[in-house]
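Good morning, and thank you for making time for this item.

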Amino acid sequence: MRRPEAVAFDLDGTLVDSRLDIAAACNHVLVGAGRAPLDVDVIATFVGDGVRALVSRAFVLPMDSPELDALERAFVARYTDHAVDHTTWMPGALDALEALRSLPLAVVTNKARSVTLAVLDALGAPGRFAFVYAGGDGPLKPLPEPVAAVARALGVPVEALWVVGDGDQDLLSARAAGAVAIGVLGGFGSEARLRAASPDAVLASLAELPALMRS
């Protein structure tokens, strides 16, 4: 691995533990539609592929179902209004961001942009990131375009960009774009799927990231 000239982080399960707020918004929409609420851990398995995929899985509807349009809007509206009722930084996240403050940093997430910005703003984080790529800005991970867009925005060669994430979507997007793929455990994604995506390195937590960069 070459030393990074910039670092891009996934959001949910990587930088922040948002599972309770995601589940609350999802269950609000489910109950409002006359459905039974789902367990937090079940909803967490739906996270990672964007809002429409999450709502599709929660309601057991095909991705092209016209019913999803209104449900997706309702989810985003509710979540944006309650973005950080319970959300906290993941272990080691703030220390890692502080240690890497000399590098250009970005967020690359499939989360809807309005919710992403609400979360970052409420946590006092916007100034830490030079660029944010979020759901609605273009293709989603695991396609390569989000990572390529980050590299262009930060003005670095894509092979000099490290992408850090807890899901296979993050790593597959990084590898498809030609960036360095760093997996981090303890988030929403399973370790088996994370390792199956062939990351260049796997961290137990973000606390290990600065040492990996120095090595």
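**Helix packing and cores**

The buried residues of α3 pack against α1 (19-32), α4 and β4. This is a predicted model, in which local features need pLDDT of at least 70 and side-chain atom pairs count only at pLDDT 80 or more, while totals for chains, interfaces and linings use all residues. Residues are numbered from 1 along each chain as its sequence is written, and side-chain values use heavy atoms, with hydrogens and water left out.

Some terms before I continue. Helices (H or I, at least four residues) and strands (E, at least two) are DSSP runs, numbered from the N terminus. Buried means under 20% relative accessible area, exposed over 50%, and partly exposed in between, with a 1.4 Å probe and protein chains only. Contact means heavy atoms within 4.5 Å.

Let me stay with α3. How many of the 9 residues of α3 are buried? The count is 7 of the 9, so α3 is largely enclosed by the rest of the structure. These buried residues are Val51, Ala53, Leu54, Val55, Ser56, Ala58 and Phe59. Valine 60 follows α3 and has a positive phi, near 55°.

I turn to the helix pairs. Two packed helices are described by the angle between their axes and the distance between the axes. Here, axes are lines fitted to C-alpha atoms, for helices over the stretch in contact, and angles run from 0 to 180 degrees between N-to-C directions.

The axes of α3 (residues 51-59) and α4 (residues 67-81) come within 10 Å and cross at roughly 110°. The two helices are therefore roughly perpendicular to each other; angles under 35 degrees count as roughly parallel, over 145 as roughly antiparallel, 65 to 115 as roughly perpendicular and the rest as oblique. From α3, Val51, Arg52, Leu54, Val55, Ser56 and Phe59 meet Leu68, Asp69, Leu71, Glu72, Phe75 and Val76 of α4. The residues of this contact divide into 8 nonpolar, 1 polar and 3 charged, where Ala, Val, Leu, Ile, Met, Phe, Trp, Tyr, Cys and Pro count as nonpolar, Asp, Glu, Lys and Arg as charged, and the others, Gly among them, as polar.

α4 also packs with α1, at an angle of about 135° and with the axes 9 Å apart. α1 and α4 are therefore oblique to each other. In α1, Asp21, Ile22, Ala25, Cys26, His28 and Val29 meet Leu71, Ala74, Phe75, Arg78 and Tyr79 in α4. That contact has 8 nonpolar, 1 polar and 2 charged residues.

For α7 (residues 145-154) and α8 (residues 168-177), the angle is about 65° and the axes are 7 Å apart. Pro146, Val147 and Ala148 of α7 make the contact with Ser173, Ala174 and Ala177 of α8.

Finally, the cores. A nonpolar core is a set of buried Ala, Val, Leu, Ile, Met, Phe, Trp, Tyr and Cys residues joined through side-chain atoms within 4.5 Å. Which members of the largest core touch the most other members? Among its 30 residues, they are Val7, Phe9, Leu15 and Phe129. Elements giving two or more residues to this core include β1 (6-9), α5 (93-99) and β4 (105-112). A second, separate core has 26 residues, including Ile22, Cys26, Leu54 and Tyr79.

Beyond its neighbours within four places in sequence, leucine 15 is in contact with residues including Phe9, Trp89, Leu97 and Phe129. Threonine 116, in α6 (residues 113-122), counts as buried at 0% relative accessibility.
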